[in-house]
Amino acid sequence: MIPPPLLRTLRAYVRHAPGLLGKPWLAGHLSDYLKHRPLMATARTRDGAVYPVVTGDVIQRYLWLFGVWEPHLTAWMRSRLAPGDLVVDAGAHTGYFTVLASRLVGPSGRVVAIEPSPVFHQALTANIDANGCSNNVRTVNAAVSDTPGRVTFYLERATNLGGTTSVRPRTVEASFEADAAPLPTLLTRKELAAARLIKIDVEGGEAAAVRGLTPVLNGLRDDVELVVEVTPRTLAKQGRTVDDVLGPLLDHGFHTYRLANDYAAASYPASLRRPAPPVRWRGPVTEMSDLVFSRLDVETLPSKPRRPPSSSRGPFTTP
């Protein structure tokens, strides 16, 4: 057993010490230790947000250990969002990216956080309240799809709560049902018109989510960007392909960029020191990937967003 004071000291070294000496090895071993000897604690992120955590789950473990989840995406959102922006977080889970976006867009901005799980939605609202973000966040307890209906979701294992999916896995630890609807139904017309960033992380439901959004793509802001987690293996289980996600977006003038995303704990120290921006992706997508879709036609998305003279277009334009 590692005494708690020593555990916190090792965490501080991984997080804050200069250089990378021994950090990848130590990060991997600490993560393995915290997975098999779960710690109930309060995690404080690098942005100062707080979350109650049980480190048996990978997201909660990384929040306690590193103070961040998906460091490349986190850094990119920091660079792209500005006060007054509106963010849609579809598949918000317990709210890490929702709270991050809420702080980035400020009191004049808005975030719509959509989460189907009643348990995660309850944790989402609690984390929003605990971090003082309730004034600019609206939550929706529903799933994103292409048609209205009821959807069954499955949890394969408690060590990865973020992997809850509507595609039945080989083993099922728990399940629940949720109402589902297309994004344009779950959002108001003004929210659609104002959306600067739409993040879709729906564990295999990304093709249906994009298909439901397709009829309004031409009505979104010129500078709208989408982040979509694409999982080829889960798509294939539904008879879908990556092209079912990319095709509609490419047809509407978006270009594809790929964000680095390594879930290995050993990769986090280097990623925290030097997060990578999204780079143009023209090849096949053969593994789970975080893809950014933007109308900018460049090789690497710049650190600051382009602000067009007209912020929106099409049938959803509002004064």
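**Cores and a helix pair in a predicted model**

Biologist: Which residues does W69 touch, leaving out those up to four places away in sequence?
Modeller: This is a predicted model, and the contacts are computed from it. Not counting residues up to four places away in sequence, W69 touches V58, I59, Y62, L63, T74, Y96, F97, Y263 and Y268.

Biologist: Which residues have the most contacts inside the largest nonpolar core?
Modeller: The largest nonpolar core has 49 residues. A second core, of 37 residues, is separate and includes L86, V144, A195 and F254. In the largest core, the residues with the most contacts are F66, W69, W76 and M77.

Biologist: How many nonpolar, polar and charged residues are in the contact of α2 with α3?
Modeller: From α2 come A27, L30, S31, L34 and K35, and they meet R61, Y62, W64, L65 and F66 of α3. By class, the contact has seven nonpolar, one polar and two charged residues.

Biologist: Is L21 buried or exposed?
Modeller: L21 lies in the loop between α1 and α2. Its relative accessible area is 73%. Exposed means over 50%, so L21 is exposed.

Conventions
Residues are numbered from 1 along each chain as its sequence is written. This is a predicted model: local features need pLDDT of at least 70, side-chain atom pairs count only at pLDDT 80 or more; totals for chains, interfaces and linings use all residues. Side-chain values use heavy atoms; hydrogens and water are left out. Contact means heavy atoms within 4.5 Å. Helices (H or I, at least four residues) and strands (E, at least two) are DSSP runs, numbered from the N terminus. Ala, Val, Leu, Ile, Met, Phe, Trp, Tyr, Cys and Pro count as nonpolar, Asp, Glu, Lys and Arg as charged, and the others, Gly among them, as polar. A nonpolar core is a set of buried Ala, Val, Leu, Ile, Met, Phe, Trp, Tyr and Cys residues joined through side-chain atoms within 4.5 Å. Buried means under 20% relative accessible area, exposed over 50%, partly exposed in between (1.4 Å probe, protein chains only).
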